Amino acid sequence: MIDLRTRQGWEDLKRILDDRIGEVLSLCNLDMPKRNGWTLVDDPRGAGSKCFGLCLRADGLAWKKFNGTEKGRALELVAYCYGWYDFEKRGADPAARFVMERLGLGRVSEEQLARDRASAKEKRAQAERDSHQRRDKKAAAAFASFAGAKPIIGTRADLYLRDARGIDLSAPPFVGPRNGNIAPGSLRYAPAQRYLRRDRQNNVVGEYAGPCMIACCTDAAGQIRAIHQTWIAEDGSDKAAIAPAPDGTTQPARKVLGEFAGLVIPLWRGEGHFSVKDAEKHGLLQTLILTEGVEDGLSAILAAPQHRVWAMISLSNMVNVAARLPACVDSVIVHRQNDWDKLSAVAAFDRGLKALQASGRAVAEVHATHGKDLNDTLRGVA
């Protein structure tokens, strides 16, 4: 039988839950997701709409909150749904007792456990191979999309930033020596970027192709592993308004292609315009500004062009970014949006802030004085 006093017992329990995902999801009042890829659903605890992702893979179920940092496998999902996730060990003990009782797992024989362990080992190995292939395929597609896009200056994305966001990439500080343009090379433009419209179950229900600002997302080695996409209205006056799916699921104007954990959008190099590698080579120490999105990052550049600026893509990514700060960064200014009514956003920011502080750098927060974010402040939005 399963003995939770041993490490093997915990491994047996988690493996069985991976094999009985339908029953686990039923306990959590969730439907079975599609295999591979993320299926977005409402948070099971009511902490947001379509911000909770489920992914069924060869070795079981994975889940995560896209507006927080909570994530895990089947056992952690039970703990989260029943309010135990914030307990010690992410609520493993009460969740284990609950599923053992509800699924009758105390009657599994030692012979059956031994057979299942051998089978699970190969499943895990295959799942890892499949996962690497998926990540590499997405990264290749992201790189190809960015490489095929146009420089942003003079495009509809340039118009959107200037007229809708108050950011003129043809004016200082984006003007270099002899009036050369030094707008962020991480930003490009695609006139007809493909957009897949999806319903609540992550099924593709239509396509759209429209103008899009594309930002490359890079790892610590500077390699492009994903892209951040912002679809723009045909006249450049705002973000695109994309028709909802037939079941009413709204279609966000922003999407990321590729796995972005630990990646950043490098918007600005700061004083001297040194790459991270060259800054470290010359012993330069800099302040790094971190923002959640592109427009906030560009607004930060206008306010303090002497600092290096990265966009983190998502608040949930701040913890990962904190782990990859380069040696040339000795202090960090992190932009905190005025999302005080969103408890998940507050919690995600606080976890990220603690991770930044644990890196040993001096860390400060900056808030928007008007509106929700730095771009609202730049434009005088209330």
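Analyst: Helices (H or I, at least four residues) and strands (E, at least two) are DSSP runs, numbered from the N terminus. The model is predicted, with local features requiring pLDDT of at least 70 and side-chain atom pairs pLDDT 80 or more, while totals for chains, interfaces and linings use all residues. Residues are numbered from 1 along each chain as its sequence is written, and side-chain values use heavy atoms, without hydrogens or water.

The second largest pocket has a volume of about 660 Å³. Closest to its centre, among 25 lining residues, are P266, R269, S275, V276 and R308. A pocket here is an open set of 1 Å grid points that fit a 1.4 Å probe, with protein on both sides within 12 Å along at least five of seven lines; lining residues have an atom within 4 Å of a point. Its volume is the space filled by probe spheres set on the points, joined across faces, edges and corners.

Four elements each give at least two residues to this lining: β7 (204–218), β10 (265–268), α7 (276–281) and β12 (308–311). The largest share, three residues, belongs to β10. By residue type, the lining comprises 14 nonpolar, six polar and five charged residues, where Ala, Val, Leu, Ile, Met, Phe, Trp, Tyr, Cys and Pro are nonpolar, Asp, Glu, Lys and Arg charged, and the others, Gly among them, polar.

Elsewhere, T291 lies in strand β11 (residues 286–291). T291 counts as buried because its relative accessibility is 0%; buried means under 20%, exposed over 50% and partly exposed in between, with a 1.4 Å probe and protein chains only. The T291 side chain reaches the backbone nitrogen of G297 at 3.2 Å. Beyond neighbours within four places in sequence, T291 is in contact (heavy atoms within 4.5 Å) with residues including D296, G297, W310, A311, H335 and L374.

D31, in contrast, sits in the loop between α2 (21–27) and β1 (39–41) and is exposed, at 56% relative accessibility. With neighbours within four places set aside, D31 contacts L25, L54 and Q201. From D31 to H367 the C-alpha separation is 39 Å, across 336 residues of sequence.

As for the cysteines, the structure holds zero disulfides. C28 is in none, its nearest cysteine sulfur, that of C81, being 3.8 Å away, whereas a disulfide needs two cysteine sulfur atoms within 2.5 Å. The sulfur of C55 is too far for a bond because the closest cysteine sulfur, in C28, is 16 Å away. C28 is buried at 6% relative accessibility, and C55 is buried at 1%.

Key:
Polar contact = N/O pair within 3.5 Å; in protein donor to acceptor, adjacent residues only side chain to side chain.
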